[in-house]
Amino acid sequence: MIDVPRRRAARTAASRPAADGEPELRHRVVHGHRRAFRMAGAGPALVLVHGIGDSSATWAGLLPALARTHTVIAPDLLGHGDSDKPRADYSVAAYANGLRDLLSALGVESATLVGHSLGGGVAMQFAYQFPERTERLILVSSGGVGREVNPALRLASLPGAQLALSALRLPGARLQVGLAVRLLRFLDTDLGQDAPELLQLVDALPDATSRNAFVRTLRAVVDWRGQVVTMLDRCYLTAGMPTMLLWGDRDSVVPVRHAYGVHEAMPGSRLEIFEGAGHFPFHSDPDRFRTLVEEFTRTTAPADWSRDRWRALLRAGRPRTPATGLADATAQDLREASERSGA
């Protein structure tokens, strides 16, 4: 395994030069694939996991401040950013395995995981597969906790998606997308709250390799009916693990009702809602986001994992969900998840 600074001449939005104080991209070769990451600071380990189509650059505004109190590791997931984009397994479980191996290569034995969108699903899967290495969970507009997802992602999972995405690189296409996104913002729609990020997503798919990796990742978690992966049936296993949920109340990608559902399904979790924010609350209000993360890691003790306790939780099983109010919606998501698992 090799640790080298970034040397690529070609630059995309995901591999732009680092700003002052922002750690530069580095690489490790793990299992024959280059994996890009940013790492800075000293103290308890804090791992920032981005969402689909994104990269570690999404955390750029937060990294220097968080690095004052933590060892911060922000990877580019395989198939994203400046990491390699092979024809490979892009499932949530594979991402969790890859994250474990990268952290092991970097000498990080346990960490607090901060996961956004797809990254939230990866963080939950990591906690499920490797509870002894997970100190805390911070889930940000997380996937994997309900069926609903933005219709655009459902469409992108259909056959022919690569061809449609390649059309975004035609002359004038970005201008048209930009005009549509600005119109959504002008009309004060929920989707418009994330207009800059939507444009960056277009820029992050410059070639066929990037587009193929994006579609393979998407199809691992979404189909035409919505999200196909859920952690709701295993959320009870987080009992005793400090967990905080951060969500924008105008999230048009993963609706805020998912936040309330997973809050109910995760014993002892803490829920913070960002009013007026969309799918990227850490962009909408970075100061509040940073303060919450620092306060949460400072005032909670790392999870104390026990094999005997894990066994007892598994034997007891998931608590029965009362069929009232919001809990009824959570129970419906669980029933739909069971149906999808059996499909």
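User: What are the ground rules for the values?
Analyst: In this predicted model, local features need pLDDT of at least 70 and side-chain atom pairs count only at pLDDT 80 or more, while totals for chains, interfaces and linings use all residues. Residues are numbered from 1 along each chain as its sequence is written, and side-chain values use heavy atoms, with hydrogens and water left out.

User: Why is His 50 called buried?
Analyst: Buried means under 20% relative accessible area, exposed over 50%, partly exposed in between (1.4 Å probe, protein chains only). His 50 has 0% relative accessibility, so the residue counts as buried.

User: Where does His 50 lie?
Analyst: In the loop between β4 (45–49) and α1 (63–66). Helices (H or I, at least four residues) and strands (E, at least two) are DSSP runs, numbered from the N terminus.

User: What does the side chain of His 50 reach?
Analyst: The backbone nitrogen of Leu 77, at 2.9 Å. A polar contact is a pair of N or O atoms within 3.5 Å; within protein, one must be able to donate a hydrogen and the other to accept it, and residues adjacent in sequence count only if both atoms are side-chain atoms.

User: How do you know that the length of helix α8 fits?
Analyst: The expected span is 1.5 Å times one less than the number of residues. For the 14 residues of α8 (208–221) that gives 20 Å; the end C-alpha atoms are 20 Å apart, so the two agree.

User: Which residues of α8 are buried?
Analyst: Among them are Phe 214, Val 215 and Leu 218. Across the protein chain, buried residues make up 52% of the 343 residues.
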